[in-house]
Amino acid sequence: MKKIEAVIKPFKLDEVRESLSEIGVMGLTVTEVKGFGRQKGHTELYRGAEYVVDFLPKIKLELVVADDMVEAAMEAIIKAAHTGKIGDGKIFVSAVEQVVRIRTGETGESAV
């Protein structure tokens, strides 16, 4: 099993969720986060004063999938989240040692 973490632009959330549902991803966790990468933030004007926005709002998705679904899930995220502009996001994949469904006590891939 693998854990996929994706940081995307907030307005792309619905497209990414639908894309993942189409390939059979059963669940995911969504967190509102702030951060910056190559974008380095931007300046804005508020009531005549200029200020710097260092951290930009993003959405972090977390999902755990079987090893054979990793590539399909990554492709679904890339296809749905891509705008071609800086700040589209990143995907991180890491190994998952164990999963336990608390309600039933199921373990392993059946618990995902």
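**Figure 1. Helices and strands of the predicted protein chain.** The protein chain has 2 helices and 6 strands. Read from the N terminus, the order is β-α-β-β-β-β-α-β. Helices (H or I, at least four residues) and strands (E, at least two) are DSSP runs, numbered from the N terminus. This is a predicted model, in which local features need pLDDT of at least 70, side-chain atom pairs count only at pLDDT 80 or more, and totals for chains, interfaces and linings use all residues. Residues are numbered from 1 along each chain as its sequence is written, and side-chain values use heavy atoms, with hydrogens and water left out.

**Figure 2. Dimensions and surface of the protein chain.** The radius of gyration is 17 Å, whereas a compact globule of 112 residues would have one near 13 Å. This radius is taken over C-alpha atoms, and the globule rule is 2.2 Å times the number of residues to the power 0.38. Along the principal axes, the C-alpha atoms fill a box of roughly 60 × 25 × 20 Å. Of the 112 residues, 30% count as buried. Buried means under 20% relative accessible area, exposed over 50%, and partly exposed in between (1.4 Å probe, protein chains only).

**Figure 3. Leu13 in helix H1.** Leu13 sits in helix H1. Is Leu13 buried or partly exposed? Leu13 is partly exposed, because its relative accessible area is 22%. Leaving out residues up to four places away in sequence, Leu13 touches Ile8, Val30, Ile59 and Leu61. Contact means heavy atoms within 4.5 Å. Across the protein chain, 71% of contacts between residues at least 6 apart in sequence join residues at least 24 apart.

**Figure 4. Glu15 in helix H1.** Glu15 belongs to helix H1, residues 13–22. Glu15 has a relative accessible area of 40%, so the residue is partly exposed. Its side chain makes a polar contact of 3.3 Å with the side chain of Lys12. A polar contact is a pair of N or O atoms within 3.5 Å; within protein, one must be able to donate a hydrogen and the other to accept it, and residues adjacent in sequence count only if both atoms are side-chain atoms. Gly37 is 22 residues from Glu15 along the chain, and their C-alpha atoms are separated by 22 Å.

**Figure 5. Glu62 in strand S5.** Strand S5, residues 56–65, holds Glu62. Which side chain joins that of Glu62 in a polar contact of 2.9 Å? The partner is Lys3. Beyond four places in sequence, Glu62 touches Lys3, Ile4, Glu5, Leu28, Thr29 and Thr31.

**Figure 6. Asp88 in a loop.** Asp88 lies between helix H2 (70–81) and strand S6 (89–95). Why does Asp88 count as buried? Asp88 is buried because its relative accessible area is 16%. The side chains of Asp88 and Thr83 make a polar contact of 2.4 Å. Setting aside neighbours within four places in sequence, Asp88 is in contact with Val7, Ile8, Lys9, Ala81, His82 and Thr83.
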